[in-house]
Amino acid sequence: FVDSEKSYWEMLEKLITHKVAGLDCEQQVNNDLSTIQIAVKDKVFIIDAMTLQKGLSKEAWMELGSKFFNNAKTVKLGCGIFHDITTIERFLPIKIDKKASFIDLSVFGKNLFIIPRFKFPFHPEEQPGNNLGLSALTKLCFNKNLNKALAISNWTVRPLRSEQLKYAALDAHVALDIFHTINNILEQLNLSYKDVLKCQAK
């Protein structure tokens, strides 16, 4: 849980060593930002943006922007990720380049259905509709249900409950697990995620 200047800089130092990260946010009851969750291979950082908004300098937040969000060498992924980016920009002094290697897994997942021979581990008989969110992708990849009930809990009260912290961490980490699962299947077809993004751009 990143809620101090010390833990913030420690997190940033570790983040820049990773090439892929899951990203998610939780919002307060007034739709302001509560937390930012960033999942990497062996860890999930939950940034207490509500607490640190005034505790960190503008320059410190800009470091997160330049070294993580705007680092095109790090792939950032999540469902509805561009909505999360808009929320972050509205609440924090960070300007984010939306072309800096962001992947919306909802759109990415839908485009997999037009890739010849691609099959999810638990592939449906019919193509899903427009709503291919994190829960649907979790079902397609792992045949497990993702409980989203805590999404509408109160993210303004501090300290956050342990159940909220687990929920927040899971959403970001599941996005990472989904991406790796999909990428492994693509590699067996001699493809990569970049081939899917080309379909997405057409």
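**Questions on the terms used for this fold**

Reader: Why does Thr181 count as buried?

Author: Thr181 has a relative accessibility of 18%. Buried means under 20% relative accessible area, so Thr181, at 18%, counts as buried. This value, like the others here, is computed from a predicted model.

Reader: Where is Thr181 found, and with which residues is Thr181 in contact, leaving aside its neighbours within four places in sequence?

Author: Thr181 belongs to helix H7, which covers residues 162–188. Once its neighbours within four places in sequence are left aside, its contacts are Pro121, Cys141 and Phe142. To be in contact, residues need heavy atoms within 4.5 Å.

Reader: Why is Gly55 called partly exposed?

Author: The relative accessible area of Gly55 is 48%. Buried residues are under 20% and exposed residues over 50%, with partly exposed in between; the 48% of Gly55 therefore makes it partly exposed. Gly55 lies in helix H2, which runs over residues 49–55. Between Gly55 and Ser4 there are 7.7 Å in space, C-alpha to C-alpha, although they are 51 residues apart in sequence.

Reader: What makes Arg117 exposed?

Author: Arg117 has a relative accessible area of 63%. Exposed means over 50%, so Arg117 is exposed. Arg117 is in the loop between helix H5 (105–111) and H6. Its phi is near 70 degrees, which is a positive value in a residue other than glycine.

Reader: How do you know that Asn190 is exposed?

Author: The relative accessible area of Asn190 is 72%. With exposed set at over 50%, Asn190 is therefore exposed. Asn190 is found in the loop between H7 and helix H8 (193–201). Asn190 is not a glycine, and yet its phi is positive, at about 60 degrees.

Reader: What makes the peptide bond from Arg158 to Pro159 cis?

Author: The omega of this bond, from Arg158 to Pro159, is near 0 degrees, and the bond is cis. Pro159 has its place in the loop between helix H6 (134–142) and H7.

Reader: How do you know that E1 and E2 pair?

Author: E1 and E2 are joined by 6 bridges and run antiparallel. Two strands pair if there are at least two bridges between them, so E1 and E2, with 6, pair.

Reader: Why is E2 described as mostly covered?

Author: In E2, 8 of its 8 residues are buried. Buried means under 20% relative accessible area, so each of these residues falls under that limit.

Reader: Which residues of helix H4 are buried, and against what do the buried residues of H4 pack?

Author: Helix H4 covers residues 81–91, and Ile81, Asp84, Ile85, Thr87, Ile88, Glu89 and Phe91 are buried in it. The elements against which they pack are strand E1 (20–27), strand E2 (33–40), H2, helix H3 (58–69), strand E4 (75–78) and strand E5 (102–104). A general point on helices applies here. With 3.6 residues a turn in an α-helix, residues three or four places apart point the same way.

Reader: How many helices and strands has the protein, and what makes it as compact as a globular protein of that length?

Author: There are 8 helices and 5 strands, in the order α-β-β-β-α-α-β-α-β-α-α-α-α from the N terminus on. The radius of gyration is 17 Å, close to the 17 Å that the globule rule gives for 202 residues, so the protein is as compact as a globular protein of that length. Its C-alpha atoms fill a box of roughly 50 × 35 × 30 Å along the principal axes. Of the 202 residues, 47% are buried. Among contacts with a separation of 6 or more, 63% are between residues 24 or more positions apart.

Methods:
Residues numbered from 1 in each chain as written. Predicted model: local features only at pLDDT ≥ 70, side-chain atom pairs only at ≥ 80, totals over all residues. Heavy atoms only, no water. Helix = DSSP H or I, 4+ residues; strand = E, 2+ residues; numbered from the N terminus. Buried < 20%, exposed > 50% of the residue type's maximum accessible area, 1.4 Å probe, protein only. Rg over C-alpha atoms; globule rule 2.2 N^0.38 Å.
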